[in-house]
Amino acid sequence: MGMIIYFVIILLLPLYAQFKVKGTYKKYDKVHGMNGYTGAEVARMILDRNGLRHVRIEETPGVLSDHYDPSSKVVRLSSGNYHGTSLAGVAVAAHEVGHAIQDAEGYAYLRFRHALVPVANWSSNLSWIFIMIGLFASLTNMLLLGIILMAAGVLFQIVTLPVEFNASSRAMRLLTEYGLITSEEAPKSRKVLSAAAFTYVAGAMVAVAELVRLLLIYVGQQED
């Protein structure tokens with residue numbers, strides 16, 4: 001039973017999360033905001049009203065490729081969201097601006113996540129080398145080292161959750177506070193952001209489940 005639950009988390013949860021976010025985005029990408037603002041216009045207005053006139057807004061290719069680049073202080077919006085006036089695009093644009101505001105305020109979880117980036121990058125790549133050696137050669141020390149390295153990547157995914165939730169919370173508050181969306185449109189915009197957030201939740205759950213599985217294997221090897 002435990003293995004069935006594990007494989008449901010590992011295989012089905014990420015697929016469901018991607019299906020949910022794409023379906024929700026596609027649905028509300030067809031619903032245009034009553035104010036007629038594009039994603040770029042919304043991003044600019046929120047940035048300016050928060051004293052972030054120095055933060056640029058750029059168009060980037062792709063779909064849902066939107067992100068905030070803290071090193072360059074740039075909010076990059078996918079073409080559809082940059083030029084479009086949909087509720088989905090406006091919500092995503094506001095979310096990315098939420099990250100820019102976090103950066104300007106020195107939001108603790110964002111700073112912690114930035115500090116973890118280099119560690120998470122190399123540890124994630126190296127962890128499976130040690131894990132595979134440990135598993136196939138029954139070398140518990142190598143397996144433990146791989147698990148420790150993997151834990152750094154898992155920590156990064158866990159820390160990402162409050163960063164993303166906070167950015168979405170800021171986005172919804174500012175969109176309504178500044179009158180960029182109506183009260184009737186708010187629940188629809190929130191659905192887009194909630195679906196996007198669920199992908200991070202699913203990713204974290206998968207990472208934790210895999211880490212727990214490997215820890216149990218390690219404990220089993222120790223007992224043997």
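Visitor: Is T140 buried or exposed?

Guide: This is a predicted model, and in it T140 is found in helix α6. Setting aside neighbours within four places in sequence, T140 is in contact with Y218, Q221 and Q222. Its relative accessible area is 18%, and since the cut-off for burial is under 20%, T140 counts as buried.

Visitor: How far apart are the end C-alpha atoms of α6, and what span should its residues give?

Guide: Helix α6 covers residues 140–177, which makes 38 residues. At 1.5 Å a residue, α6 should span 56 Å, and this agrees with the separation of its end C-alpha atoms, which is 56 Å.

Visitor: Which residue just after α6 takes a positive phi?

Guide: Most residues other than glycine have a negative phi. The residue in question, just after α6, is a glycine with a phi of about 70°, and its name is G179.

Visitor: What is the phi of S138, and is S138 buried or exposed?

Guide: S138 is found in the loop between α5 and α6, and although S138 is not a glycine, its phi is positive, at about 55°.

Visitor: At what angle do the axes of α5 and α7 cross, and in which hand?

Guide: Two packed helices are described by the angle between their axes and the distance between the axes. For helix α5 (residues 108–136) and helix α7 (residues 186–223), the axes come within 12 Å. They cross at roughly 35°, and the crossing in which α5 passes α7 is left-handed.

Visitor: Which residues make the contact of α5 with α7, and how many of them are nonpolar?

Guide: From α5 the contact takes W128, I131, G134 and L135, and from α7 it takes E210, L214, I217 and Q221. Sorted by class, the contact has one charged residue, two polar residues and, as the number asked for, five nonpolar residues.

Visitor: In what order do the strands of the open sheet stand, and which of them are at the edges?

Guide: The open sheet has three strands with mixed pairing, in the order β1-β3-β2. Each edge strand has a single partner, so one side of each is left without a neighbour in the sheet; the edge strands are β1 (56–60) and β2 (67–69).

Visitor: How many bridges join β3 to each of its partners, and in what sense?

Guide: With β1, strand β3 runs parallel, and there the bridge partner of E59 is L77 in β3. With β2, strand β3 (residues 74–78) pairs in the antiparallel sense, and H67 stands opposite R76 in β3. The bridges number five between β1 and β3, and three between β2 and β3.

Visitor: How many residues of β3 are buried, and which way do they point?

Guide: Strand β3 is mostly covered, with five of its five residues buried. V75 and L77 point one way from β3, and the residues pointing the other way are V74, R76 and S78.

Visitor: Which helix packs on the sheet?

Guide: The helix touches β1 and β3, and its direction makes about 160° with that of β1. It covers residues 39–49, and its name is α2.

Visitor: Which residue in the hairpin of β2 and β3 takes a positive phi?

Guide: The hairpin has four residues between the strands. The residue asked about has a phi of about 55° although it is not a glycine, and with a relative accessible area of 31% it counts as partly exposed; it is K73.

Visitor: What share of the residues in the protein chain is buried?

Guide: The protein chain has seven helices and three strands, and its C-alpha atoms fill a box of roughly 65 × 35 × 30 Å along the principal axes. Of the 224 residues in the protein chain, the buried share is 44%.

Key. Residues numbered from 1 in each chain as written. Predicted model: local features only at pLDDT ≥ 70, side-chain atom pairs only at ≥ 80, totals over all residues. Heavy atoms only, no water. Axes fitted to C-alpha atoms, helices over the stretch in contact; angles between N-to-C directions. Helix = DSSP H or I, 4+ residues; strand = E, 2+ residues; numbered from the N terminus. Left-handed = near helix turned anticlockwise from the far one by under 90°. Contact = heavy atoms within 4.5 Å. Nonpolar A, V, L, I, M, F, W, Y, C, P; charged D, E, K, R; others polar. Pairing = 2+ DSSP bridges. Expected span 1.5 Å × (residues − 1). Buried < 20%, exposed > 50% of the residue type's maximum accessible area, 1.4 Å probe, protein only.
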